[in-house]
Amino acid sequence: MMAGLAAMPVLGFAQERIQDTTARKQPLKVWGAQFEEFEYRYSDDDEELAAWNGDFFYGTDALKVRWLTKGEYSIEEKAYEKLENQVVGQIPISDFFDAKAGVRFDTPKGPDRTYAVLGITGLAPQWFEVDANLFVSKDGETSTELDAEYELLLTNHWILAAALDATVAFSEDREIGVGKGLVSTETGLRLSYDVIDRSFSPYIGVVHERKYGDSADFARAEGGSTEDWFAVIGARLSF
């Protein structure tokens, strides 16, 4: 009897050590797609563009795989002004930030480009959404890009979003019109109305694009513009 009582703590300890491997204890997998920008742009030079910034993702809180795509398509010329795709893996590094690494494929005006990607994304103090990336091409050209966005909740449905996208190159790539230094900025202000719980939010706004330094010189030499204002209409979408 005493031997049986002595074995009970051991049995209890063994039961505590048994791990729950049922489905309810497995990491929750999430997937979906969202477009922060899906819009029509009309410039002060009568240029018409279709523009988008999309994110397709699959994984868990510990590891996600993301396909990030953004670009501009000239409606009149029926050609891409910009086209960028990234495939990255993303892991958390703090309560508010994730690290990501992968590859980026560009189809700019000129030869195609492929880059390695290393970056961080998350929520900075004062509720700024930040996405910072370093790009290195197979030929050693390096650049960095910072995207920042701030959303002001005017009411439960009306949202005013301010965005900044800045690119800096540490080396020149004349074939695609990129000079060393500050290459370009894109700033935008969009007023949206949340129709279906952030799944469908139509908006209107204004976007300003500008090139700088040698990048602006390359654009002038090609007969292109260095600064544009756009009126935009579009929608934020989530699936």
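Which residue lies over the face of phenylalanine 230? Select arginine 41: this residue lies there, at 5.9 Å from the ring centre. A charge sits over a ring if NZ of Lys or CZ of Arg is within 6 Å of the ring centre and within 35 degrees of the ring normal.

This is a predicted model, where local features need pLDDT of at least 70, side-chain atom pairs count only at pLDDT 80 or more, and totals for chains, interfaces and linings use all residues. Numbering runs from 1 along each chain as its sequence is written, and side-chain values use heavy atoms, without hydrogens and water.

Next, select arginine 104 and phenylalanine 135. The charged end of arginine 104 sits over that ring, 4.2 Å from its centre.

Now the aromatic pairs. Go to tyrosine 73 and tyrosine 80. Their centres are 5.2 Å apart and their planes stand at 75 degrees, so this pair is edge-to-face. Tyrosine 73 is partly exposed at 27% relative accessibility (buried is under 20%, exposed over 50%, partly exposed in between; 1.4 Å probe, protein chains only). Tyrosine 80 is partly exposed too, at 42%.

Move to tryptophan 158 and tyrosine 193. Ring centres lie 4.9 Å apart with planes at 65 degrees, so this pair is also edge-to-face. Tryptophan 158 is partly exposed at 39%, and tyrosine 193 at 33%.

Last stop: select Phe35, Phe38, Phe56 and Trp67. Ring pairs link these four into a cluster.

Definitions and conventions. Rings of Phe, Tyr and Trp (its six-membered ring) pair if their centres lie within 6.5 Å; planes under 30 degrees apart count as stacked, over 60 as edge-to-face and the rest as tilted.
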